[in-house]
Structure formats: structure tokens, C-alpha cells
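User: Got a model here that I'd like to go through with you. Can we start with the charged pairs and then move on to packing and backbone?

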Amino acid sequence: MRNIGIAIIDDESLVRLGIKSSVAWEEYGYEIVGEADNGQTGLEMIREKHPDIVLLDVCMPVMNGIEVLKSLQKLKIQCKVIILSCHDDFCFVKEAMKNGAFDYLRKNEINSANILTVLEEVRHSLCKKQDEGQGGWDSYARHVCLHRLITGSSEPAERQLPVSQLHIREGNLCCIVFAVQNYQKVQARYGEGRPFPLEQSVINLTVEVLHQWTQELEVFLLQENRYVILLSSQNSVSSTQWEEKACSLVHELHTVFQNYLNADTCYGVSSAVSKFSALPEAFEHARYSLQLHYFQPDRFLIKEMRKPDRTMSRPEVKECLGDINICVSQKQYTQIFSRFYAFIQWLQQHHRENLDVMGVQNFFSNMVRFLLLQEGKAPEETVEKLQACETVEEAQRFLEDFQKGLKTGEPALDQKNYLIREAADYIRQNLSRGDISLDEIADHLMISKSYLCRLFQKKLGVSVQHYIYRIRIEQAKEYLNDFRLKIYEVAELTGFNSSTHFNIVFKKIMRCTPAEYRNGLKQ
């Protein structure tokens with residue numbers, strides 16, 4: 001399946017960051033193939049990466065956007081260019097349109113909805129120009145149609161792939177979401193000498209197996225290691241019989257993957273529904289059922305029709321989490337982890353219940369992130385490894401190793417770590433101010449600004465500004481627990497000068513918007 005390649009050329013790093021973090025690109029069939037901070041390096045990048053779409057700033061150093069457009073025409077490079085403009089450079093926008101730009105976006109109006117609207121116009125234009133024999137855009141249109149069918153989103157009628165072109169029909173509809181277990185290991189050993197990448201092999205095998213039983217099916221990759229099967233049956237069978245048939249097909253698939261790929265798979269299955277309009281609910285049930293493998297790794301097929309409960313709000317859980325928070329504030333590591341493991345034991349005792357998998361995983365990640373930030377350490381790599389744990393038992397083993405690492409590091413507090421902690425304390429004390437500067441932090445620590453920058457880069461691998469953003473977001477998550485506060489109020493309390501900027505930074509660090517994070521807390 002061919003994604004549409006996008007390149008971003010803008011000299012403002014925050015604009016590039018905001019665009020990259022504002023859209024779940026792959027879910028919509030796009031991918032960011034490159035970025036540049038001036039026109040000259042941007043033009044070189046276009047010649048190397050061959051993007052389909054370029055988001056191009058007008059006013060840039062070295063070579064401006066107009067010069068880039070003229071060079072693209074001279075070099076006969078085929079790509080669609082969307083101009084990024086400010087209020088005061090509209091004359092440049094008009095000049096850009098004369099030189100072949102497809103459309104423009106005002107920077108102060110950049111958000112996911114506006115970006116996707118313009119990109120859909122470009123996609124529609126590109127789609128018309130594709131030769132019928134290539135089929136790439138037809139596959140893309142099918143993927144978009146299926147994605148929107150299971151999520152309930154919609155698009156203008158003239159751009160929709162008619163559902164009559166799909167291979168499923170209304171009647172008995174069933175949704176299955178599945179994943180390859182131990183995915184990273186399977187991926188690592190799979191590549192050599194194979195004609196297809198792992199993802200394509202999984203889809204090919206799935207289609208081959210299921211086609212022996214039915215032609216009414218659609219199979220597609222939703223995101224990395226998340227596959228969706230949609231089955232339908234217009235035969236005169238009851239919904240119960242069709243659900244049983246779907247489960248038997250899952251057993252067949254599971255055996256095939258073991259035999260042909262030497263890989264185990266796990267599945268979440270929905271009940272049968274009769275209308276396309278009911279598919280989003282069926283998909284959510286299937287997806288949640290798959291998530292429950294985190295607590296039930298002994299079952300490769302789960303069909304859970306209940307919604308996740310508010311696990312993190314149960315009285316016994318809240319009491320345990322309260323104890324953990326107290327221990328964290330006092331840096332009592334032994335007590336922190338003993339309560340961590342007590343919580344995991346409680347989860348294992350209730351593993352057959354409809355637990356809130358995402359809530360538990362987010363709690364684990366947030367606590368590890370906070371502990372590392374408190375120690376003046378960069379959390380990203382550690383948190384990413386924790387999030388890759390496929391079961392709660394695997395997460396516990398990871399936390400045990402993590403605890404040993406913390407204990408090893410406890411006595412090693414040198415002068416440089418002390419300065420970082422002092423800087424972190426100062427930032428927290430002044431968090432509601434949006435103008436915390438490098439100069440004032442350096443003055444407070446009685447060191448030079450350049451030394452402060454080198455210290456953060458060497459010890460944490462990030463800039464001081466990025467570290468300030470992390471602290472702001474950690475505090476923002478605490479405020480988001482208070483549902484009386486509006487999101488723009490949380491932005492103000494944590495020192496962001498606008499809710500838009502707050503949304504951009506929050507999504508970059510947490511991989512979800514503040515509203516999505518809060519909705520997860522409500523569940």
C-alpha cells in the first residue's frame with residue numbers, strides 16, 4: 001500500500017514540529033519523508049526523496065519559497081506545493097500561486113483539520129492523474145474507506161469510494177483485530193531472503209486462508225502490527241452461527257501463522273452486527289478484546305463485549321496509587337516498587353475482568369517518566385521500551401530491571417546532576433510563567449548560559465527548552481485530572497501562551513491531545 005510522501009520546508013522549527021505532530025499521518029495514508037529549514041537544502045531534499053506533496057514556507061533564508069518553486073519548474077520536478085504563509089506576506093502567496101503552487105495555508109490557522117482538508121484536495125487531484133493500470137491510489141482509496149467505516153468518520157460524498165466496491169455487505173458483519181506476538185523478534189528474524197515484508201506476508205496469508213471459506217472479506221493494516229479483518233455473510237445463518245464460524249476461522253489462522261511464519265498471533269473478536277453504521281462499535285469491542293491479552297496472555301482469542309471499567313478509580317486501586325505518589329515525593333524507591341508490584345499482583349488476580357488496559361499502561365509509563373525526570377535523566381528511551389511490553393508479566397520484569405538501575409544510580413549524585421536538579425526545581429517553582437529564560441536559570445545556578453546548555457545536552461540529551469516543555473506537560477497531566485479546569489486554563493497554569501501551542505507540545509510528548517488524554521481518564 002503506497003503512502004503519499006510529504007516534505008516540510010520551513011525555517012521555524014516549531015512550525016515543523018507542530019505540523020508533524022498534528023496528524024496521525026499513516027492512519028490517513030500519508031508519511032513525512034523529509035524536512036528542511038531553508039529553501040536550498042529543501043530543494044536538495046526534494047530531489048533526493050521525491051515527495052508527492054511539499055509544504056513550503058515563503059520567507060526563508062538562503063533560498064525563499066518563490067525561488068524553490070521556480071527551480072522545481074525549471075527542473076521539471078512533479079510535486080504539489082502548498083505554501084505556508086503569515087498575515088504579512090500575502091503578496092508572496094500570490095506570486096507563489098503564479099509559479100505553480102497548488103494552495104496555501106496561513107500559519108496561524110494550522111491545525112489537523114485544516115491540514116487534512118488541503119491534503120485531501122491534493123490527494124483528489126493526484127488520484128485523477130494516476131493511470132488506471134497502477135492501482136496505487138485505488139488501494140489507498142479502499143484503505144481510507146475501510147478506515148473511516150470502522151471509525152465512523154466521513155468525507156465529502158464525491159470523494160468516497162462507494163461501499164458497493166467493497167467485498168463485504170450488510171447483513172452478518174464481524175470485526176476481528178489481531179497482532180503478531182513478540183513482534184520485534186519476529187520482525188528481526190523475518191527479513192532475510194523473503195520476497196515480501198512481514199506485514200504483506202501476514203495480509204497475504206490471511207486472505208489466502210479466509211478465501212477458502214468466504215469471499216466476503218476485507219483485510220488491511222491499521223497501524224504497525226495491528227491488522228483488521230472485516231467479514232460478512234449474506235447466507236441464511238443466524239448471527240450466533242456466524243460468530244462461531246468467525247471464531248473457527250481465527251483458530252485456523254492461528255495455526256497457519258504458527259506453521260508458516262513460526263509466529264504466534266492473538267485476536268480480538270466482535271459480535272455480529274447487521275449494518276455498516278454499527279461497525280465502529282464492533283471495531284471498538286474487537287480492539288479492546290485484543291488489548292486484554294496484556295492481562296490474559298494464555299488466551300489467543302478474546303471476545304469481550306463489556307467496555308473497560310474505571311480500574312484506576314476503584315477505591316482499593318486509588319489507595320495503592322496514593323501510597324505510591326507519597327513514596328515518589330519522598331524518593332523512597334524500595335517502597336515505591338513494593339507498592340508497584342502489589343498493584344501488579346492485584347491486576348493479575350483480577351485479570352479476567354474488563355480492566356482498563358490503556359489506563360494501567362499509561363500509569364506505568366507516567367510513573368517511570370516522572371521518576372527519571374526527578375533524577376535528572378532522559379525518560380524517552382526507557383518509557384518506549386516499557387510501552388513495548390506485550391504483557392503485564394513482561395512489564396513487571398522490565399520494572400524489576402529498572403529498579404536495579406535506579407538503585408545503582410542513587411549514590412552517584414555528582415555536581416553536574418546536582419545542577420540539573422536545581423535547574424529542575426527552579427523551573428517547577430516558576431512553571432506558570434511563560435517566559436522562563438536560559439539567562440535567568442543560569443544566573444540562579446551561578447553558571448554561564450553556554451555551560452547550562454552543554455550540561456543538559458550531555459546529561460539528558462535534550463535542550464533546556466525541551467526539558468522545560470517536559471516539566472510543563474507533566475504538571476499539565478496533573479491539572480487534567482481536575483475536570484473542573486478547562487483545557488485553556490490548564491495551558492495558562494503551565495505557562496503556555498496559547499492553547500494551540502499547548503496542544504502541539506502535549507501531542508508531541510504524549511502522542512495524544514490533552515482532550516484525548518482527559519477522555520482516557522474519564523473512561
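Analyst: We'll take salt bridges, then a helix pair, then some backbone angles. Keep in mind that this is a predicted model.

User: How many salt bridges does the structure hold?

Analyst: The structure holds 18 salt bridges. One of them joins the side chains of Arg-16 and Glu-35, at 2.7 Å from N to O.

User: Which elements do Arg-16 and Glu-35 lie in?

Analyst: Arg-16 lies in helix H1, residues 13–22. Glu-35 lies in strand E2, residues 30–36. The pair therefore ties together parts that are 19 residues apart in sequence.

User: Is Arg-16 buried or exposed?

Analyst: Arg-16 is buried, with a relative accessible area of 13%.

User: Which residues are linked with Arg-16 in a network of salt bridges?

Analyst: Lys-20 and Glu-35. Together with Arg-16 they form a salt-bridge network.

User: What about Arg-287, which residue does its side chain meet in a salt bridge?

Analyst: Glu-284. The N to O distance is 2.6 Å. Both residues sit in helix H10, residues 279–291. They are three residues apart, so about one helical turn separates them.

User: And how accessible are Arg-287 and Glu-284?

Analyst: Arg-287 is partly exposed, with a relative accessible area of 31%. Glu-284 is also partly exposed, at 39%.

User: Next one. Which residue pairs with Glu-440 in a salt bridge?

Analyst: Arg-433, with N to O at 2.6 Å. Glu-440 has 18% relative accessibility and counts as buried, because the cut-off for buried is under 20%. Arg-433 counts as partly exposed, at 28%.

User: Which residues of helix H17 are buried?

Analyst: Glu-440, Ile-441, Ala-442 and Leu-445. Helix H17 covers residues 438–445.

User: What follows H17?

Analyst: Met-446. Its phi is positive, near 60 degrees.

User: Switching to packing. At what angle do H7 and H8 pack?

Analyst: About 100 degrees, with the axes 10 Å apart. Helix H7 spans residues 183–190 and helix H8 spans 198–211. The two are therefore roughly perpendicular to each other, since angles of 65 to 115 degrees count that way.

User: Which residues meet there?

Analyst: From H7, Tyr-183, Val-186, Gln-187 and Tyr-190. From H8, Leu-198, Glu-199 and Ser-201. By class, the contact has four nonpolar, two polar and one charged residues.

User: Where is His-50, and is His-50 buried or exposed?

Analyst: His-50 is in the loop between helix H2 (39–49) and strand E3 (53–57). At 60% relative accessibility, His-50 counts as exposed.

User: And Asn-225, what is its phi?

Analyst: Near 60 degrees. That is a positive value, and Asn-225 is a residue other than glycine.

User: Where does Asn-225 sit? Buried or exposed?

Analyst: Asn-225 is in the loop between strand E7 (217–223) and strand E8 (226–233). At 6% relative accessibility, Asn-225 counts as buried.

Notes:
Residues numbered from 1 in each chain as written. Predicted model: local features only at pLDDT ≥ 70, side-chain atom pairs only at ≥ 80, totals over all residues. Heavy atoms only, no water. Salt bridge = Lys/Arg side-chain N within 4 Å of Asp/Glu carboxyl O. Helix = DSSP H or I, 4+ residues; strand = E, 2+ residues; numbered from the N terminus. Buried < 20%, exposed > 50% of the residue type's maximum accessible area, 1.4 Å probe, protein only. Axes fitted to C-alpha atoms, helices over the stretch in contact; angles between N-to-C directions. Parallel < 35°, antiparallel > 145°, perpendicular 65-115°, else oblique. Contact = heavy atoms within 4.5 Å. Nonpolar A, V, L, I, M, F, W, Y, C, P; charged D, E, K, R; others polar.
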